[in-house]
Amino acid sequence: MAPSARTPDIEFEVVDNPDESRYEARTPDGDVVGVADYRRSSTPRGPRIVFPHTFVLPELEGHDIAASLARRALDDAQAAGARVVPVCWFIEGYIERHPEYDALVER
């Protein structure tokens, strides 16, 4: 089951949408309120995921949506044994604030 979250103003679930190469934060009605784009590839060192962009609807910023997207994306990368390239400033900052993900970063 996909992780879900509830804030005082919004309930959402984070799901992987591989057809669109992104994680989506969706409301129970199916509205997409945030996304974390990714690009998967294989390298001689193993799987690699580049995170170029994260977006949350401006009116919903500050509701832990972007953090929930980052956490799910990084947890999935870790489970897959993938290295990550945090091009997106938010994903990069999330990793800096959560050192348990630092070993995933491709250097």
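This is a predicted model: local features need pLDDT of at least 70, side-chain atom pairs count only at pLDDT 80 or more; totals for chains, interfaces and linings use all residues.

Biologist: Start with one residue. Where does Arg48 lie?

Modeller: Arg48 sits in strand E5, which covers residues 46–56.

Biologist: What makes Arg48 count as partly exposed?

Modeller: Its relative accessibility is 27%. Buried means under 20%, and exposed means over 50%. The value falls in between, so Arg48 counts as partly exposed.

Biologist: Which residues does Arg48 contact, leaving aside neighbours within four places in sequence?

Modeller: The partners are Arg39, Arg40, Ser41, Thr43, Ala82, Arg83, Val85 and Glu106. As for Gly81, 33 residues separate it from Arg48 in sequence. In space, their C-alpha atoms are 8.8 Å apart.

Biologist: Now the helices. Which residues of H2 are buried?

Modeller: H2 spans residues 89–97, and Phe90, Ile91, Gly93, Tyr94 and Ile95 are buried there. These buried residues pack against E5, helix H1 (65–80) and strand E6 (83–85).

Biologist: Why are H1 and H2 called roughly perpendicular?

Modeller: Their axes cross at roughly 75° and come within 10 Å. Angles of 65 to 115 degrees count as roughly perpendicular. The crossing angle falls in that range, and H1 and H2 are therefore roughly perpendicular to each other. H1 makes the contact through Ala66, Ala67, Ala70, Arg71 and Leu74. H2 brings Phe90, Ile91, Tyr94 and Ile95.

Biologist: How many nonpolar, polar and charged residues are in the contact of H1 with H2?

Modeller: Eight are nonpolar, none is polar and one is charged. Arg counts as charged, and Arg71 of H1 is among the contact residues.

Technical notes:
Residues are numbered from 1 along each chain as its sequence is written. Side-chain values use heavy atoms; hydrogens and water are left out. Helices (H or I, at least four residues) and strands (E, at least two) are DSSP runs, numbered from the N terminus. Buried means under 20% relative accessible area, exposed over 50%, partly exposed in between (1.4 Å probe, protein chains only). Contact means heavy atoms within 4.5 Å. Axes are lines fitted to C-alpha atoms, for helices over the stretch in contact, and angles run from 0 to 180 degrees between N-to-C directions. Angles under 35 degrees count as roughly parallel, over 145 as roughly antiparallel, 65 to 115 as roughly perpendicular and the rest as oblique.
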